[in-house]
Amino acid sequence: MATQPKLDVGVDYKDKYGFFFPEDYVFKAKRGLNPEVVKEISFMKGEPEWMTKFRLRSLEIFRKKPMPNWGADLSVIDFENIFYYLKPAEKQSASWEELPADIKATYDRLGVPEAERKFLAGVSAQYESEVVYHSLQENLTKKGVIFLDTDSALREHPDLFKEYFGTVIPPADNKFSALNSAVWSGGSFIYVPKGVKVDIPLQAYFRINAENMGQFERTLIICDEGSFVHYIEGCTAPIYTTDSLHSAVVEIIVKKDARCRYTTIQNWSTNVFNLVTKRAMAYRDATMEWVDGNLGSQITMKYPSVYLMEPGAKGDVLSVAFAGKGQHQDAGGKMIHVAPNTTSTITSKSISKGGGRTSYRGHIKIYPGANNVKSFVKCDALLLDDESRSDTYPYNDVDAENVTLGHEATVSKVSDEQLFYLMSRGIPRAEAETMIVNGFIEPFTKELPLEYAVELNRLIQLEMEGSVG
Amino acid sequence: MADFEIKDLRASVEGRQILKGVSLAINKGEVHAVMGPNGSGKSTLSHTLMGHPGYTVDGGEVRFKGQNVLELEPDERARLGMFLALQYPVVVPGISMANFLRTALNAHRGYDGKDKSKMVTPKEFRSLLKDELEVLHMDDSFLSRYINDGFSGGEKKRAEILQMAVLKPEIAILDETDSGLDIDSIKFVAEEVNRMRGPNLGVLIITHYTRVLEFIKPDFVHVLVDGKFVLSGGPEVADRLEKTGYSEWGKEEAAQPQEVA
């Protein structure tokens, strides 16, 4: 197919990576997980020895760690039946025609451009937006900003990389961070130098050679003192994958007076287990904001967290989850107050429909000596019918004095009064319901760049019609 | 055959019969007032006419444009040309008044997201609203606020009438639009309703008090007591009520608001 990237092993890989391997080796990705597979991944990427060792050590930890015994049921994951590393060409579906009809229909309805669709659907491994990408890169380079895929960053900035990699989320943090540490591939690496404010949001899919939407991507963002960056990953169009496990790790360091906003809209196809560890360290007077939207996947377990390490640090989580038939969105946030005079807010909005299940799971921890902390949690659940379910699991550990801790939770249904009111103005029932839902998540939507907000509203509309997944 | 005809309408709420056979014929160009004491069935009448799910129709029919509207969904009734200004307008967070009005207007025009020629353009929308906002003494900032969210009583009622002005119904039911309003708000609302009065609009004003009828002069006045009309006539009926209240029907309630000092 003309639109697919050329993959000639002898030429491309030698040019790109400076090494060559036999043809039969490249195309035979093996299922399953063992030290050989991990070594192979590291070898194919031409990684330094420390990374190979890091991966192998992580695999050991993964083997020893038990599965989480809380949250969603993960017992059906068969770790031996997963491809842990696929070259871009192998990730592709054979053709556009082979994609599930619902995914294709959604692209049509969302009006996603053809080139972008193929990228999202995995038909093409690259989204050809080179022009945009190059001008963006030029602009960033002038300011000293590094914005690369994580594999390239390891090659091109080895010292910076090694200094921060794995420091926020060590492999031993949990079973899935260990798994990611063993087999990670792709993701984004961002470094923003002191005092630099990046004025446009950096988006994962501007990058070419994007493996960032792979199964085990690894993202590392370093905001140096007084800097600002807004990073956006994912998009509202559903991402189709035949592999059923997505387990990413996102590490962020926000230094003194810096601010980082990380926006995610995930809409994985509904066969995916989405198990992501996201954590940021915020230092003196720094601000970390997670804006996290979860629409797709079969199961999501994701609790973006902020460690408030020094006085004046501020953490925010704003999340939205939509669970339709057969979906369980177990999401929330964690705020770990290590230092005094730190503040945090978690705002969670969830919508359950057609028997879908949403859970808010949150943890506020305030360490001894972290006095004068303010933390506020607000979770609102909207149930669209009687079969759907929503639960709240807030955990608070407070070991300090003079702490202001607020928690507010509401569960509501689309009220007959609201529905009648909108319908009495001529708006059909389905559209009225969609409006009410979009209104409910408006505090989230208004934080998104306009084009994402518009797409999200359209997507909610499709979900409400039940035409998606 | 009148343009809008209510025939022997009976309706109940939670198993209790409230409307016990109401008949009323409204022609476009006419203003009818339905007056009644508390609990007489005024709100049941307005909600049943618009199809609120909490009200059960036990019998009768309502003919409008060749259809029995009681068989239609509320949105179908609205698109057919009916409008209800609610006594207690509902708060819907997160949706701006502008978005609400535009969506409602598009629905009336049959725009379903496909045929863009049916869609109201931003320019058209603006010019449509400009005059109406002025008459109702509302400023632009109102359009970016969420539906009825944080509105004062007067703002809510004015917002209802603004919706009516934008949607241009043929039959408008105003359910106690005057209640809880200060005299200025009543005047603005009345001015807007009077502007819309004409051969293309039939109005049904539902009210406890005669005061609003000083500003919107009715052609016909009907008195509703215990779910039935007990008296119908011209504007003079309102004058009679103003003097004696509802006492002739055993209800010791005045038909004028108590003066608030």
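1. Salt bridges. In this predicted model, 2 salt bridges are counted between chain B and chain A. Glu160(B) and Arg425(A) pair through their side chains in a salt bridge, at 2.6 Å from N to O.

2. Polar contacts. The interface of chain B and chain A also holds 13 residue pairs in polar contact, both partners at pLDDT 80 or more.

3. Elements on the chain B side. Several elements of chain B each give at least two residues to the side that touches chain A. The helices are helix 1 (42–50), helix 2 (74–80), helix 3 (97–108) and helix 5 (153–167). The strands are strand 6 (82–85), strand 7 (92–96) and strand 8 (146–147). Helix 3 of chain B has the largest share, 6 residues.

4. Composition of that side. The side of chain B that touches chain A has 20 nonpolar, 9 polar and 4 charged residues.

5. Extent of the interface. Contacts involve 33 residues of chain B and 19 residues of chain A. The two chains bury about 2,000 Å² between them, with 66% of it on carbon and sulfur atoms.

6. Largest pocket. Its volume is about 1,700 Å³. The lining has 42 residues; closest to the centre are Glu431(A), Arg458(A), Gln461(A), Asn99(B) and Thr103(B).

7. Pocket lining. Helix 15 of chain A gives the most, 8 residues. By class, the lining divides into 17 nonpolar, 14 polar and 11 charged residues.

Conventions. Residues are numbered from 1 along each chain as its sequence is written. Chains are lettered from A and ligands numbered from 1 in the order in which they are written. This is a predicted model: local features need pLDDT of at least 70, side-chain atom pairs count only at pLDDT 80 or more; totals for chains, interfaces and linings use all residues. Side-chain values use heavy atoms; hydrogens and water are left out. Contact means heavy atoms within 4.5 Å. Buried area is the accessible area (1.4 Å probe) that two parts lose on being put together, summed over both. A salt bridge is a side-chain nitrogen of Lys or Arg within 4 Å of a carboxyl oxygen of Asp or Glu. A polar contact is a pair of N or O atoms within 3.5 Å; within protein, one must be able to donate a hydrogen and the other to accept it, and residues adjacent in sequence count only if both atoms are side-chain atoms. Helices (H or I, at least four residues) and strands (E, at least two) are DSSP runs, numbered from the N terminus. Ala, Val, Leu, Ile, Met, Phe, Trp, Tyr, Cys and Pro count as nonpolar, Asp, Glu, Lys and Arg as charged, and the others, Gly among them, as polar. On a 1 Å grid over the protein atoms alone, a cavity is a set of points where a 1.4 Å probe fits but cannot get out, and a pocket is an open set with protein on both sides within 12 Å along at least five of seven lines; lining residues have an atom within 4 Å of a point. Grid points are joined across faces, edges and corners, and a volume is the space filled by probe spheres set on the points.
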